[in-house]
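Please examine the sequence and the three-dimensional structure shown below. The paragraphs that follow lead through selected parts of the fold, step by step.

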Amino acid sequence: MAKNTVPEDQLDDSSAPLIEHLAELRSRLIWSVLAFIVAMVLCYTVWKPIYNFLTEPICHALETRGQNCQLQIIKLQEGFFTAINISFFGGFVLAFPVIGYQLWRFVAPGLYRSEKAAFLPFLLASPVMFLIGSAFAYYVILPMAYDFFLGFQQAPVVATADEVTTTGNVAGIAFQGSMQEYLNLTIKFLLAFGLSFQLPVALTLLGKAGLVSSAGLASVRRYAVVGILILAAVATPPDVISQIVLFVVIFALYEVSIQLVRRIEKRREAELRAQGLWVEDEDEETNEAAK
């Protein structure tokens, strides 16, 4: 009975590229992990200045109310884990350019020159938009959110015997925040807004790849509004002002994404027309005839 066998040299040729890709991937992952570890160690050495920077919004909100800015260590190990969390967050932000570069070096050999020119701007825009979103959360949203939360405090009121009518003693409500809880909340805000500002980058990249169109994005605008409202309700405190601000910003980014995708489509159409490869859709021909 005959057997179908593959020559040994063909097996070597087919397996070698896979082994080379795996070796390349391992190398890029190692460099990314090393960059993250080095950045994390550097951030650990300066975790207190980073912590002081992250606590400025709450300190400013307390200062406007004439209160001292002091967070509590509820658990004995809370201070150490707070320093570790700051190191992880700062290490990721600091090492992100290196991680992005390693990703680019891994993907770039498999792309054509035109594809490299198309992908590289998005790779550079991603960290920039993340920083813009985090800065927006830090300077705009966090002050409003913490002012809203601190508004639930009340000073203790003691009824005196000299008053004609007394309502009894009123218990005071004072903020005595946990160090780690505050930091976790602040980092969640920064990450949520930083990722939300990736919307134009992601949609424009999908439009560049032909996976979405400006007409398609515009047609689902009503569903996008609902999704953005849900995101604003989840990512922000139950404060109408901050929710409206987040909704307006993300919806504006969505509209900007539509315009960017439309611009890409017009540029692609112009190039194909110049090459004589553009084919009119039936709908477009019908619309032109109607005009």
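**From a ring pair to the core**

In this predicted model, Tyr138 is buried, as its relative accessible area is 6%, and buried means under 20%. Phe53, by contrast, has a relative accessibility of 37% and therefore counts as partly exposed.

These two residues belong together in the next step. The structure holds 13 aromatic pairs. One of them is formed by Phe53 and Tyr138: their ring centres lie 4.5 Å apart and their planes meet at 10°, so the pair is stacked, given that planes under 30 degrees apart count as stacked. The pair links distant parts of the chain, since Phe53 lies in helix α2 and Tyr138 in helix α5, 85 residues apart. Elsewhere, ring pairs join Phe136, Phe189, Phe193 and Phe197 into a cluster.

In soluble globular proteins, nonpolar side chains tend to be buried together. The largest nonpolar core here has 42 residues, of which Tyr146, Leu190, Phe193 and Tyr254 touch the most other members. Several helices each supply at least two residues of this core, among them α2, α3, α4, α5 and α10. The greatest contribution comes from α5, with 10 residues.

Within α3, which spans residues 56–64, Pro57, Ile58, Ala61 and Leu62 are buried. Viewed down the axis of α3, the buried residues fall within an arc of 130°, and therefore they line one face of the helix. Glu63 and Thr64, on the other side of α3, are exposed. After α3 comes Gly66, whose phi is positive, near 70°.

Methods:
Residues numbered from 1 in each chain as written. Predicted model: local features only at pLDDT ≥ 70, side-chain atom pairs only at ≥ 80, totals over all residues. Heavy atoms only, no water. Buried < 20%, exposed > 50% of the residue type's maximum accessible area, 1.4 Å probe, protein only. Helix = DSSP H or I, 4+ residues; strand = E, 2+ residues; numbered from the N terminus. Arc of directions from axis to C-beta. Core = buried A, V, L, I, M, F, W, Y, C linked by side-chain atoms within 4.5 Å. Phe/Tyr/Trp six-rings, centres within 6.5 Å; stacked < 30°, edge-to-face > 60°.
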